[in-house]
Amino acid sequence: MSRMVPSDDSIWLAQLRRGALEHCVLALLRHRERYGFELARTLADAGGLLAGEGTIYPLLARLRRNGLVNTTWRESAEGPPRRYYRLTAVGELALSTFVQHWQLFRDGVDRILEEASAA
Amino acid sequence: MKTNSDVDKLVAHCLSQLGRELSDLPASRRRQIVEEVSSHIAEGLVALDTEDEAGVRSVLDRVGDPSAIAAEAGAAEFRPRVPRADALVPWLLLLGGFVFVVGWFLGVGLLWSSSTWKVRDKLLGTLVIPGGLPGLVLLGTFSWRTSSTSCGGVSPLGQRVVIHCVTSGFSLPAAVGILVLILALLAPFAVAVHLERVRRRSVNNVHG
């Protein structure tokens, strides 16, 4: 078996994350609006999804620029006012498209990995 | 137990580091990210049971490396691909010669090593006029002397040679000599302006 170019773990992991992460954000917003800290903690606690909690904010800003989410400020009882993120119709569409593709993709990868380990 | 000002200092340090990492982003994007991370940290501190140093550090650790945030923000795409040193080149070529002549050579070096200008621009910048303004002055005085001592000798590029030799040989009206002199004086300025315009155009292309 030929050895491929030695891969840098952090590069492929970052690439894998990039595609999945923003759709996880959309999924978290499907049923209710959330604020940044809440989103960041949830994703960080889910394990391996976030490189650092702070990296969620450039991503949220991008989702907002692309019209997938919009935001509103709300007062908070515990601290400074919070910027809440809500899914837009465009965001909902992007999420359901991703869900379909993700299921096919996941099944495909799983099948290949299982066949490889069984052989 | 940390005092409030110690906590503030740690947080402020983290945020200023983030601001620096994001410095290539458009200001509005940078402001929004820093603002959000700042309130994220505030929320994290509120969630702590006791605001001791370990707790504050854990909140900042969880926020992650500012450079990772900058990478996610695509800061690299906004980094000027046109080297900042390019901005110096027209000035160095024009006036660098006054700095022990080295300044002009530095300008030529930067000019040729940059990809901002085409070969045509580089030749123009180097040959019009070697040494820049001080070079022109030197050439002028040099040719004045050579022409007044021995008019037959031809000095390189010296416009004044023409004027003085002309008086002994062919006769050209003095107005032509003056015109040539004025053109020679304006040429380095024109070339500097041209190089600057090419540079600005390429900066705008990168950011547009």
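β1(A) pairs in the antiparallel sense with strand β3 (residues 82–87) of chain A, over 2 bridges. Strands count as paired if DSSP finds at least two bridges between them. This is a predicted model, in which local features need pLDDT of at least 70, side-chain atom pairs count only at pLDDT 80 or more, and totals for chains, interfaces and linings use all residues. Residues are numbered from 1 along each chain as its sequence is written, while chains are lettered from A and ligands numbered from 1 in the order in which they are written. Helices (H or I, at least four residues) and strands (E, at least two) are DSSP runs, numbered from the N terminus.

**Sheet in chain A**

- The open sheet has 3 strands in the order β1-β3-β2 (chain A), and the pairing is antiparallel.
- Its edge strands are β1 (34–35) and β2 (69–74) of chain A, each of which pairs on one side only.
- A:Tyr35 stands opposite A:Tyr84 in β3(A).

**Interface between chains A and B**

- Contacts link 17 residues of chain A with 18 residues of chain B. Two residues are in contact if their C-beta atoms, placed from the backbone, lie within 7 Å.
- On the side of chain A that touches chain B, α2 (36–45) and α3 (56–65) of chain A each supply at least two residues.
- That side of chain A divides into 9 nonpolar, 5 polar and 3 charged residues. Ala, Val, Leu, Ile, Met, Phe, Trp, Tyr, Cys and Pro count as nonpolar; Asp, Glu, Lys and Arg count as charged; the others, Gly among them, count as polar.

**Chain B overall**

- Chain B has 11 helices and 0 strands.
- Of the 208 residues in chain B, 27% are buried. Buried means that 20 or more other C-beta atoms lie within 10 Å of the residue's own; exposed means 12 or fewer, and partly exposed lies in between, with C-beta atoms placed from the backbone.
- Among contacts in chain B between residues at least 6 apart in sequence, 54% join residues at least 24 apart.

**Helix α3 of chain B**

- B:Val56, B:Val59 and B:Val63 are buried in helix α3 (residues 53–63) of chain B.
- Seen down the axis of α3(B), its buried residues fall within an arc of 60°, so they line one face of the helix. The arc is that of the directions from the helix axis to the C-beta atoms.
- B:Glu53, B:Ala54 and B:Asp61 are exposed on the other side of α3(B).
- The cover over the buried residues of α3(B) includes α1 (4–21) and α2 (27–47) of chain B.
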